[in-house]
Amino acid sequence: MLISGARGKSKLWENQGIQVVVTAYNTSKYLERCFRGIENSLKGRKWILVFSNDGSTDDTLERAVFLSRNFKSHIVNNPKAKNVSEAKNKTLELTHRFKEEYPAIMMMDSDDEMLQDRVKLLDCLVEADGLFAVGDYNLIINGAVNKIA
């Protein structure tokens with residue numbers, strides 16, 4: 001998970017809007033967990049989902065539209081990108097539309113789940129170190145959390 005924001009801003013996620021950028025390719029079965037984690041982590045904060053479907057052949061696009069009906073979102077359906085980097089870059093281009101109201105950006109994969117305290121932890125990292133923070137990954141098996149990076 002990568003986050004960028006303005007240096008030295010106090011309580012970045014509480015005072016500014018945040019864009020949660022998610023790209024997806026055939027990840028329909030993971031989207032409910034992904035979106036639920038985002039909603040729980042950002043409850044009470046100002047945020048928008050910027051979601052890009054990268055030409056999925058399953059029902060990822062339809063599922064994303066259905067699951068995002070209760071929060072602010074911008075969903076696009078892109079033709080299949082050459083690789084993951086191209087897909088993410090295309091989606092990041094969309095964030096310029098919302099940068100005045102939502103200046104901070106958080107990226108995550110559509111098959112990941114955002115844990116509830118993630119945003120508070122990354123807020124501290126951004127305030128301490130500057131413009132960027134990179135989060136770690138946890139592998140969760142049967143409720144047991146194992147840090148892997």
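**Note on salt bridges, a pocket and a buried aspartate**

1. R63 has a relative accessibility of 25%, so R63 counts as partly exposed, given that this class runs between 20% and 50%. The model is a predicted one. E32, at 42% relative accessibility, is also classed as partly exposed. The two residues form a salt bridge, and their closest N and O atoms are 3.1 Å apart. R63 sits in helix α3 and E32 in helix α2, which spans residues 28-41, so this pair ties together parts that are 31 residues apart in sequence.

2. How confident is the model, taking the average pLDDT of the protein chain? The average is 77. Of the residues, 68% score at least 70. Confidence is highest in helix α3 (residues 60-67), where the mean is 94. Strand β1 (residues 2-4) is where confidence is lowest, at a mean of 46. Over residues 6-10 the pLDDT is below 50. Beyond near neighbours in sequence, that stretch has 11 contacts in the model.

3. The salt-bridge count comes to five. One of them pairs E101 with K72. Here the closest N and O atoms are 3.9 Å apart. E101 lies in the loop between α4 (84-94) and β5 (104-109), and K72 in the loop between α3 and β4 (73-78), so the pair ties together parts that are 29 residues apart in sequence. E101 is partly exposed, at 37% relative accessibility. K72 is partly exposed too, at 43%.

4. K88 and D109 make another salt bridge, with the closest N and O atoms 2.7 Å apart. What does this pair tie together? K88 belongs to helix α4 and D109 to strand β5, so the link ties together parts that are 21 residues apart in sequence. K88 counts as partly exposed, at 21% relative accessibility. D109 is partly exposed as well, with a relative accessible area of 25%. Elsewhere, salt bridges that share partners join K46, K72 and E101 into one network.

5. K88 also belongs to the lining of the second largest pocket. Which residues lie nearest the centre of that pocket? They are T23, A24, Y25, V84 and K88. The lining has 13 residues. The space in this pocket is about 190 Å³. Helix α4 gives the largest share of the lining, three residues. β2 (18-24) and α4 each supply at least two. By class, the lining has five charged, four polar and four nonpolar residues.

6. Is D54 buried or exposed? D54 has a relative accessibility of 6%, so D54 counts as buried, the cut-off being under 20%. D54 lies in strand β3, residues 47-54. Which residues is D54 in contact with, leaving aside its neighbours within four places in sequence? The contacts are A24, Y25, N78, P79, K80, A81 and A87.

7. Points to take to the viewer. Start with R63 and E32, the pair joining α3 to α2. Treat residues 6-10 separately, as their pLDDT is below 50.

How values were computed: Residues are numbered from 1 along each chain as its sequence is written. This is a predicted model: local features need pLDDT of at least 70, side-chain atom pairs count only at pLDDT 80 or more; totals for chains, interfaces and linings use all residues. Side-chain values use heavy atoms; hydrogens and water are left out. pLDDT is the predictor's confidence in each residue, from 0 to 100. Helices (H or I, at least four residues) and strands (E, at least two) are DSSP runs, numbered from the N terminus. Contact means heavy atoms within 4.5 Å. A salt bridge is a side-chain nitrogen of Lys or Arg within 4 Å of a carboxyl oxygen of Asp or Glu. Buried means under 20% relative accessible area, exposed over 50%, partly exposed in between (1.4 Å probe, protein chains only). On a 1 Å grid over the protein atoms alone, a cavity is a set of points where a 1.4 Å probe fits but cannot get out, and a pocket is an open set with protein on both sides within 12 Å along at least five of seven lines; lining residues have an atom within 4 Å of a point. Grid points are joined across faces, edges and corners, and a volume is the space filled by probe spheres set on the points. Ala, Val, Leu, Ile, Met, Phe, Trp, Tyr, Cys and Pro count as nonpolar, Asp, Glu, Lys and Arg as charged, and the others, Gly among them, as polar.
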